[in-house]
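The sequence and the structure come first.

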Amino acid sequence: MNDMILVEKLSKTYTSGKVTAVCDIDLAVTAGSVTAVMGKSGCGKTTLLNLIGGLDVPDSGRVTIDGTYISAMPENELSRFRADNIGFVFQFFNLIPELTAEENVIFPLMIRGVKPDAEYLKNISEVLELGELSSRLPSQLSGGQQQRVAIARAILHKPKLLLMDEPTGNLDEENSAKIGKLIGRLRGDLGITVFYVTHDGDMAKIADRVIGMSDGRIVSDEVNAR
């Protein structure tokens with residue numbers, strides 16, 4: 001199988017070079033896999049995620065997504081590439097309060113003037129168990145339900161890669177477990193490569209592979225037994 005993510009000698013520093021967030025990282029992630037990155041706060045895992053997604057620019061090294069080298073892309077090209085190929089889910093759901101769940105899901109495509117694929121929308125609604133929630137406002141949804149809406153929004157444009165920053169960070173144990181199971185279905189039912197950072201040991205267990213980070217470096221890389 002091909003690599004969806006290829007990171008080569010990637011480094012990033014902040015505060016005029018005094019804080020090394022990511023240091024000389026090499027990493028390859030197979031297409032169609034689920035990968036978790038774990039580590040203490042400040043270890044660099046969110047910076048790594050942002051560099052992979054093209055939301056931040058490395059000081060050195062390169063990031064290749066599905067064969068496309070993105071690290072030196074002009075911003076306008078990079079924005080288009082992200083919009084077409086990568087979905088993002090952040091720790092805070094960022095749903096629009098005045099829109100229903102379904103309207104929140106389709107909103108990013110609407111503002112681009114793109115009509116959602118009705119069959120695919122139905123499919124992801126089934127995978128993420130959103131059917132009965134479609135007409136509710138965010139205020140009428142639990143945290144777990146809001147996160148499922150956020151995930152649906154992130155994958156409606158059929159990205160090859162889904163990047164998630166602490167996807168269960170604001171959820172209770174029961175909802176975290178539900179999101180964990182649904183992430184597995186994203187790979188199995190929709191063929192999406194999933195890469196996420198987490199503090200949650202249970203969330204790490206659902207991944208095919210768990211990468212440990214400390215002080216900006218990869219310090220462990222393990223495959224979960226099935």
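Contact here means heavy atoms within 4.5 Å. Axes are lines fitted to C-alpha atoms, for helices over the stretch in contact, and angles between N-to-C directions run from 0 to 180 degrees. Helices (H or I, at least four residues) and strands (E, at least two) are DSSP runs, numbered from the N terminus. Two strands count as paired if DSSP finds at least two bridges between them.

The model is predicted: local features need pLDDT of at least 70, side-chain atom pairs count only at pLDDT 80 or more, and totals for chains, interfaces and linings use all residues. Residues are numbered from 1 along each chain as its sequence is written, and side-chain values use heavy atoms, with hydrogens and water left out.

**The four-stranded sheet**

Four strands form an open sheet in the order β2-β1-β4-β5, and the pairing is antiparallel. Because β2 and β5 stand at the edges with a single partner strand each, one side of each is left without a neighbour in the sheet. Strands β1 (residues 3–14) and β4 (residues 60–65) are joined by five bridges, while β1 and β2 are joined by eight. Two bridges pair β4 with strand β5 (residues 68–69). Some of the residue pairs are set out below.

| Residue | Partner | Strand of the partner |
|---|---|---|
| L6 | T64 | β4 |
| S11 | S60 | β4 |
| K12 | V22 | β2 |

Helix α1 (residues 45–52) lies across β1, β2 and β4, and runs at about 120° to β1.

**The six-stranded sheet**

A further open sheet has six strands in the order β6-β7-β8-β3-β9-β10, with mixed pairing. β6 (86–89) and β10 are the edge strands; each has a single partner strand, so one side of each is left without a neighbour in the sheet. On average, neighbouring strands of this sheet are turned by 15° against each other, direction ignored. Within the sheet, β7 and β8 are parallel and share five bridges. D165 has V197 in β8 as its bridge partner. Helix α1 packs on this sheet, where it touches β3, β6, β7, β8 and β9, and its direction makes about 150° with that of β8. Helix α2 (residues 75–85) also packs on the sheet; α2 touches β6 and β7, at about 80° to the direction of β6.

**Helix α6 and its contact with α4**

Two packed helices are described by the angle between their axes and the distance between the axes. For helix α4 (residues 118–127) and helix α6 (residues 173–190), the angle is about 140° and the axes are 10 Å apart. Their crossing is right-handed. A crossing is left-handed if the near helix is turned anticlockwise from the far one by less than a right angle, and right-handed if clockwise. On the α4 side, the contact is made by Y120, N123, I124, E126 and V127, and on the α6 side by L182, R185, L186, D189 and L190. By class, this contact has six nonpolar, one polar and three charged residues. Ala, Val, Leu, Ile, Met, Phe, Trp, Tyr, Cys and Pro count as nonpolar, Asp, Glu, Lys and Arg as charged, and the others, Gly among them, as polar.

From its first C-alpha to its last, the 18 residues of α6 reach 25 Å, close to the 26 Å expected at 1.5 Å a residue. The expected span is 1.5 Å times one less than the number of residues. Which residues of α6 are buried? They are N175, S176, I179, G180, L182, I183, L186 and L190. Buried means under 20% relative accessible area, exposed over 50%, and partly exposed in between (1.4 Å probe, protein chains only). The buried residues of α6 pack against β3 (34–38), α4, α5 (143–155), β7 (161–165), β8 (193–198) and α7 (201–205).

**Positive phi angles**

Most residues other than glycine have a negative phi. D24 has a positive phi near 55° and is placed in strand β2 (residues 19–30). At 38% relative accessibility, D24 is partly exposed. D66 has a positive phi near 50° in the hairpin of β4 and β5, which has two residues between the strands. The phi of D215 is positive as well, near 50°. D215 lies in the loop between β9 (209–214) and β10 (217–223) and is exposed, with a relative accessible area of 64%. Just after α6, G191 takes a positive phi of about 70°.
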